[in-house]
Structure formats: C-alpha cells, structure tokens
Amino acid sequence: MCDTCGCLSPSETGHHHHHHDHKHTHEHKQIAIGESVMARNDEYAEKNRAHFAEKRLFVINLISSPGSGKTAVLEVLARHFGSRMAVIEGDIQTSRDADRVTAAGSAAHQIETQGACHLDAHSVGHALAHLDLETVKLIIIENVGNLVCPSTYDLGENEKMAILSLPEGDDKVLKYPALFHRVKTLLINKMDLSPYLQFDVDRAEAECRSLNPEVQSFRVSATTGVGMDALFAYLEDRIGE
Amino acid sequence: MHELSLATEIIELARPHIPKGEMLKVVGLIVGPLAGVCEESLRFCFAELVRLEGFPEAMLQIESAPARFQCLDCGHEYETVTVEQFCPACSSMARTMLSGTEFSINFIEV
Ligand SMILES: Nc1nc2c(ncn2[C@@H]2O[C@H](COP(=O)(O)OP(=O)(O)OP(=O)(O)O)[C@@H](O)[C@H]2O)c(=O)[nH]1
Ligand SMILES: [Mg+2]
Ligand SMILES: [Zn+2]
C-alpha cells in the first residue's frame, strides 16, 4: 500500500492500468461521505416494513444453504397455517419450490432472481403486489440458498430465521457470522439423522448465542415432524401480537 | 457472489459526490468482520466495473474495523477481528456485540 495516500498497488488490486506516479505530490482531494453501502436497499426495506406493519403481517426472511430444508419446513408450515400463510420464493431458475408450497396449502409467489445469489428489498416489494393477502397473517420469504449473500440485504422483514441442518456440520455458525449474528430464530433441521452424524447441537446453539444472545433455537425434522409443535406455537404467538 | 451488486452500489452512491470534471480516484470503505463482505472479490468486481464506468483510475481503500463485544459474564469489553476469539479476561462465550457490521463509504478522493 502507498504510504502517502493509502492507495493500493496493482498487485494488491488486480488492476493493471494504474499509472500512479508515487514520486510526485498527490493531488487527491478527499470528500467525506459517511453513507452505508446498503442505503438504497435499506430505503426499500423500510417501505416494505411500513407496508407489512400497516397490513398487520408478520414477515420472516428464511435463509440457509442449499438443501438444508427451507422448502421442506415451509411445506410443514403450509399444512399447519394454510391460507393464513403466504410464501415468497426466491429461486434462481425453476418454480419448483413455489409449486411444493402451493401443493401443501399456502399461496406462493416466485421471484426469479436470474442468477442473483440473494433477494433484495426492491424485488420483494414488487412480489407483494402478486399475493392476495386477504387471509394472510404470516409471510415467509424463502431466500436463495446461500449462507453469505442474503444476510446483508434487509428485506423489511420482522425477523431473520436461519436453518442449519445436521449434514452441514456443527462448525458452520462461526464460519458464517454475518448471518448467524442477525437471526432471531435458528432451526436445527434433519434431527432424524442424528444417529448417523456427528453433530453437536449444543455447540451450534452456544456459538449462535455467542453472536446473538437472544436467538431462539428449535430442533426439528421436516421429514418426521419432530419439534414442529414448538415452532407452530412460536409463530402463532408472533402472529397474535 | 453479491460483491458485484455491492460494487455497483458503491459506484452509484459515490457518483453524485464527484465534482463536475473530476475523476474518481479512491473510494474509502469501512468494513466490519460481520458485514458479510469478501474483500477480495469486492476489489475484483470494483476494478472491473470502474473500467466500464469510465473511472479507470479508481481504487478501493478498505479499512477493516474490528468487532467490539461485551462479555456477559465479567463485563469486559474487547475488540477482535475474528469472531472465534472469546472473552480474553474470562474466556466466556456469552457476549453482546457492540459493533462489527459496519459497511459504509467513509470518503472518496478525486
Ligand atoms: N432426513 C431429512 N431430510 C430432509 C429434512 N428436511 C429436508 N430434507 C431433505 O433435504 C433435501 C433438500 O430439501 P429442500 O427443502 O429442497 O431444501 P432447500 O433448503 O429448500 O433447498 P434450496 O431451495 O435448493 O436451497 C430434500 O431431499 C428433503 O427431502 C429432514 O428433516 N430430514
Ligand atoms: Mg427450497
Ligand atoms: Zn469475560
């Protein structure tokens, strides 16, 4: 790094067209900004949040890696909540997840992210127009399967919920702290597989609490339904508020 | 991954601050360890994008801010760049985070 102005050398940036002569006085003029990089997304998120509040909706942004069981959990919830729940699906390409939720009894609208690895507040705002919210009290947004990118984007939700499933390993929480710091609820899914896997559930929960002492954890299996009653009760409570 | 969208945001947020006729030379960012940003890929995307946007000289200057925690057992406040570092006074994992998610444009240079 250049000691005078702190700018980086080509090898540090991968930038090959830098003809900066370090022997000369720098004529850079500094302008203070102090703005969050997420500012524009956050503006849309606040609009969504106001809209949700006005319609008395409880909204969850559901985040996990691919295959940890987001849609499987949503199918279980759809069978319980039916028309009281609606789902917004962020899927890179197919409408498979939306179809599964609809078949299980709740309305679903799909946002095709066209390759993007996360949903943003603007696209969620548009998706809302496609849902009939007459009977709906709970909206769950299934984000794109990814533990990193979605965590930075506020969608205007009331809370973020993460799923960590047993086959992923019990060391993931501190590897992806940006997500696990922001979640209000943590689902440890695929508990039915515990006889076959070394996964220290206490450890994962403790590490998640070390990033966020208020996190509530649920040990569930979408396949067998184990632990789902506690999750239903938690969500019924949120909707009732 | 999402670093391309982030690089786009950074340029769009910086653009209105660039005085007429001046070239963007440096964007100074502050990034916390819980911002969820990969510095290396952000630099890569930014370097590609500024070339297309007509600011071929523009560079990122990233200041990595540490995370600040307060221990819930002994009250000690500590800074760390890795979240795997627990309380240095009593080694308790229980803590609240005071800061660490910062992701902002601190300044630009033209
Ligand atoms: N054994 C077991 N398998 C499960 C459980 N939950 C989900 N699965 C299986 O895990 C696989 C992935 O589940 P999905 O619900 O599609 O996962 P997802 O998180 O929605 O995946 P993406 O949308 O692609 O990111 C499927 O084969 C499910 O049947 C569970 O509790 N136990
Ligand atoms: Mg899915
Ligand atoms: Zn301590």
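Analyst: T71(A) is buried, with a relative accessible area of 6%; buried means under 20%, exposed over 50% and partly exposed in between, using a 1.4 Å probe and protein chains only. The model is predicted, so local features need pLDDT of at least 70 and side-chain atom pairs pLDDT 80 or more, while totals for chains, interfaces and linings use all residues. Residues are numbered from 1 along each chain as its sequence is written, chains are lettered from A and ligands numbered from 1 in the order written, and side-chain values use heavy atoms, without hydrogens and water.

Donors are N, O and S atoms within 2.8 Å of the metal (3.2 Å for Na, K and Ca); because water is not among the atoms, sites may look incomplete. T71(A) belongs to helix α3 (residues 70-81) and D97(A) to helix α4 (residues 96-104), 26 residues apart; helices (H or I, at least four residues) and strands (E, at least two) are DSSP runs numbered from the N terminus. D97(A) is also buried, at 13%.

The zinc ion (ligand 3) is held by C71(B), C74(B), C87(B) and C90(B), each through SG, at 2.3 to 2.4 Å. Its site is tetrahedral, with angles of 105 to 114°; four donors count as such if all angles lie between 85 and 135 degrees. Here C71(B) is buried at 3%, whereas C90(B) is partly exposed at 33%.

Terms used: Four donors count as tetrahedral if all angles lie between 85 and 135 degrees; four count as square planar and six as octahedral if opposite donors are over 155 degrees apart and all others between 65 and 115; anything else is irregular.
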